[in-house]
Amino acid sequence: MNVLVTGATGFVGGHLVDRLLARGDAVTAIVRSPDRARGLAQRGVRLVAADLSGRAALGDAMGGQDVVYHAAALIGSPHEAEYMAVNRDGTANIAQAVAAVPSPPRVVLVSSIAAGGPSRRGLPKSAAGDDHPVTMYGRSKLAGERALADHVPSWCVIRAPAVYGPGDCDGFLPLFKAVGFGLGPTFGDGSMEVSLIHVDDLADALVVAGTAPALEHDIFYVSDPVITTGADVIRRIAALMHRRVIPLPLPEWLARAALTVTGKWAEVFGRKSILHPDKANEFYQDAWTGDPARFIAATGWKPAWDLDRGLADTLEWYRNARWI
């Protein structure tokens, strides 16, 4: 198959490209910096230099593609307009470029559980409809989903929860480092229920979403079916690292104050960080959980990594990379 990937130099996009190349697909990647993506080119990926606002370049890349995997996204900014410019308007540009070619490819959008908003304890979400995002990022991802549906004849949206695994530097690396210092940070009392997914399982699910005919015009939650909590994740990491940890429950007022400081620091130095006060709206909910049963029933996909094996795989990669 001929496939195009946006966000191919990122965490999820990079693992997706690995899967597609292993399948023997002809992969094209839209990249902002060909120099940064030189490693992809060396592996046979065709590079198209463009960003999500460059409609002409995007259109040139769409011809002859069977599937477009849209994994590029802005995940950190202090301004909602910046999120919307990338995650809503950029997705709309992709969708319009796809719709303009004679035989439009299917588009698989890598979305987020944040687009649907928090769930209730013990009641994971399984489909779109009850959507109430609580952050700027979540609202922009939901807007991107709607922009896709407005323009593309064949599409599928995958809402992923927190993603972990080799190469992750934003979500789980700070937790492993904290446990290494003997600390067990949790938001509140650590009882918030969460769904997780190993990055390889997500990449496999995305490949399936690009090829399974039963997934037209639908939004799916894809995750490990086993729900955990923040405190349980810390406990499992501590066991893997053979560390005794001091519980460190973070009250909401403290987290908001700390995020205000880190957010201002990132702005001063011009860095795109997820650590802004708005993020606290996610950290203090009853649950962020999704139910993958619909996706499993439609495709037969099943996650290969349970949480203990997945965290062990992540820890081994961090150690080999000397990140911890």
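Predicted model: local features only at pLDDT ≥ 70, side-chain atom pairs only at ≥ 80, totals over all residues.

Q: Which hand does the crossing of helix 3 and helix 4 have?
A: The two axes cross at roughly 45°. The crossing of helix 3 with helix 4 is right-handed.

Q: How do the residues of the contact of helix 3 with helix 4 divide into nonpolar, polar and charged?
A: From helix 3, Arg55, Leu58, Gly59 and Met62 take part. They meet Asn93, Ile94, Gln96, Ala97 and Val98 of helix 4. Gly counts among the polar residues and Arg as charged. The division is five nonpolar, three polar and one charged.

Q: What is the angle at which the axes of helix 6 and helix 8 cross?
A: Helix 6 covers 173–180 and helix 8 covers 230–241. The crossing of this pair is right-handed, and the two helices are oblique to each other. Their axes come within 10 Å and cross at roughly 60°.

Q: How many residues of the contact of helix 6 with helix 8 are nonpolar?
A: Leu175, Phe176, Val179 and Gly180 in helix 6 are in contact with Val233, Ile234, Ile237, Ala238 and Met241 in helix 8. One residue of this contact is polar and none is charged. The nonpolar residues number eight.

Q: How far apart are the end C-alpha atoms of helix 7?
A: Helix 7 (residues 199–211) has 13 residues, which at 1.5 Å a residue should span 18 Å. The distance between its end C-alpha atoms agrees with this, at 19 Å.

Q: How many residues of helix 7 are buried?
A: The buried residues are Val199, Asp200, Asp201, Leu202, Ala203, Ala205, Leu206, Val207, Ala209 and Gly210. Helix 7 is so largely enclosed by the rest of the structure because the buried ones, out of 13, number ten.

Q: What covers the buried residues of helix 12?
A: Helix 12 (residues 307–321) has 15 residues and reaches 21 Å from its first C-alpha to its last. Its buried residues are Leu307, Gly310, Leu311, Asp313, Thr314, Leu315 and Tyr318. Their cover includes strand 7 (162–164), helix 6, strand 10 (196–198), strand 12 (228–229) and helix 8.

Q: Is Thr91 buried or exposed?
A: Thr91 is found in helix 4. Leaving aside residues up to four places away in sequence, Thr91 touches His70, Val86, Leu109, Gly144 and Leu148. Its relative accessible area is 3%, and the cut-off for a buried residue is under 20%. Thr91 is therefore buried.

Q: What distance separates the C-alpha atoms of Ser111 and Ser140?
A: Ser111 lies in strand 5 (residues 106–112) and counts as buried at 4% relative accessibility. Beyond its neighbours within four places in sequence, Ser111 is in contact with Lys141, Glu145, Val157, Ile158, Arg159 and Ala160. Ser111 and Ser140 are 29 residues apart along the chain, and their C-alpha atoms are separated by 10.0 Å.

Q: Which residues does Val107 touch, not counting those up to four places away in sequence?
A: Val107 is placed in strand 5 and counts as buried at 1% relative accessibility. Its C-alpha is 9.8 Å from that of Glu216, 109 residues apart along the chain. The residues touched are Val68, Val98, Leu148, Val152, Ser154, Trp155 and Cys156.

How values were computed. Residues numbered from 1 in each chain as written. Heavy atoms only, no water. Axes fitted to C-alpha atoms, helices over the stretch in contact; angles between N-to-C directions. Helix = DSSP H or I, 4+ residues; strand = E, 2+ residues; numbered from the N terminus. Left-handed = near helix turned anticlockwise from the far one by under 90°. Contact = heavy atoms within 4.5 Å. Expected span 1.5 Å × (residues − 1). Buried < 20%, exposed > 50% of the residue type's maximum accessible area, 1.4 Å probe, protein only. Parallel < 35°, antiparallel > 145°, perpendicular 65-115°, else oblique.
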